Amino acid sequence: MNRIDQRFAQLRAQGRKALIPYIAAGDPAPAVTVEVMHALVQGGADVIELGVPFSDPMADGPVIQRATERAIAQGVGLPQTLDFVRDFRQADAVTPVVLMGYANPVERFGVDSFVAAARTAGVDGVLIVDYPPAESEAFAAALKAADIAPIFLLAPTSTDARMADVGRIASGYVYYVSLKGVTGAGHLDTSAVAAMLPRIRAQVSVPVGVGFGIRDAQTARAIGQLADAVVIGSRLIELMEAQPAERAADIARGFIQDIRQALDA
């Protein structure tokens, strides 16, 4: 079993929901990325989404854009992101790691080379924002052959046909973008999420994570009562960027502990 499947199976047996924090690889500094990853696990993260820096992150709001710019300025791209995963695996062989990013770095790296390198590094899932599911069957098959889960986004505007496309090829989990717009934008409407999840689950058999707009423990707990997983990123990055880089791990650990306690309450 893929580590993502194992983790969700464990959580289901415990009656708990998954907590999935997002950080950008190389932010706030390359030297602390792996330390922050371990701190997230210590705080209670179940899966880590590691963002691959890209110069045109069209789905991301200003917070993650700034994180991406800081990482690129410090020389971090896809090869360095894979190195972070490899280093993380030296001390943690069980926590699932998902790479989240855009098609351009993968295409430049070479799809087959990327899949092989991701497997070797210890990646468990890949979410490429701008790979449409209807056109990604070959990519999804290549990932699955390497025991890597192809993960896809769904949104409030997703049609039943798109959900069916995702349901046919996705594994690991699907990521429901709960707001129209970019990461970190707007106010999360939990009633709208509650109305959408049955439609998604009618088409998708894997767990459903919800992200975009989750900024505090109260909102995380409300979403955790509805979804299988809570994804949180922009607020975590905001907290880390407001302090010196050497404090990033402590900040990440403390923030995730608060969210974990709320989910488990």
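Colleague: Which residues of helix 1 are buried?

Modeller: In this predicted model, the buried residues of helix 1 are Ile 4, Arg 7, Phe 8 and Leu 11. They cover an arc of only 95° around the axis, which puts them on the same side of helix 1.

Colleague: What do the buried residues of helix 1 pack against?

Modeller: They pack against five strands: strand 1 (18–24), strand 3 (97–101), strand 4 (125–128), strand 5 (149–151) and strand 9 (229–232).

Colleague: What span should helix 1 have, at 1.5 Å a residue?

Modeller: Helix 1 covers residues 3–14, and its 12 residues should span 16 Å. The end C-alpha atoms are 17 Å apart, which agrees.

Colleague: Which residue caps the N-terminal end of helix 1, and what follows the helix?

Modeller: The cap is Asn 2, with a side-chain oxygen 2.6 Å from the backbone nitrogen of Ile 4. After helix 1 comes Gly 15, which has a positive phi, near 70°.

Colleague: Which residues are buried in helix 10?

Modeller: In helix 10 (residues 217–224), Thr 219, Ala 220, Ile 223 and Gly 224 are buried. Viewed down the helix axis, they fall within an arc of 135°, so they line one face of helix 10. Their packing partners are helix 9 (190–203), strand 8, strand 9 and helix 12 (248–264).

Colleague: Which residue caps the N-terminal end of helix 10?

Modeller: Asp 216 does: one of its side-chain oxygens lies 3.4 Å from the backbone nitrogen of Gln 218.

Colleague: Turning to strands, how are the side chains of a regular strand arranged between the two faces of the sheet?

Modeller: In a regular strand they alternate from one face to the other. The case here is strand 7 (residues 174–177), where Val 174 and Tyr 176 lie on one side and Tyr 175 and Val 177 on the other. All four are buried, and both faces of strand 7 are covered.

Colleague: Is strand 7 parallel or antiparallel to strand 6?

Modeller: Strand 6 (residues 153–154) and strand 7 run parallel, joined by two bridges. Leu 154 stands opposite Tyr 176 of strand 7.

Colleague: How many bridges pair strand 7 with strand 8?

Modeller: Four bridges, again in the parallel sense, pair strand 7 with strand 8 (residues 208–211). Within this pair, Tyr 175 stands opposite Gly 209 of strand 8.

Terms used:
Residues numbered from 1 in each chain as written. Predicted model: local features only at pLDDT ≥ 70, side-chain atom pairs only at ≥ 80, totals over all residues. Heavy atoms only, no water. Buried < 20%, exposed > 50% of the residue type's maximum accessible area, 1.4 Å probe, protein only. Pairing = 2+ DSSP bridges. Expected span 1.5 Å × (residues − 1). Arc of directions from axis to C-beta. Contact = heavy atoms within 4.5 Å. Polar contact = N/O pair within 3.5 Å; in protein donor to acceptor, adjacent residues only side chain to side chain.
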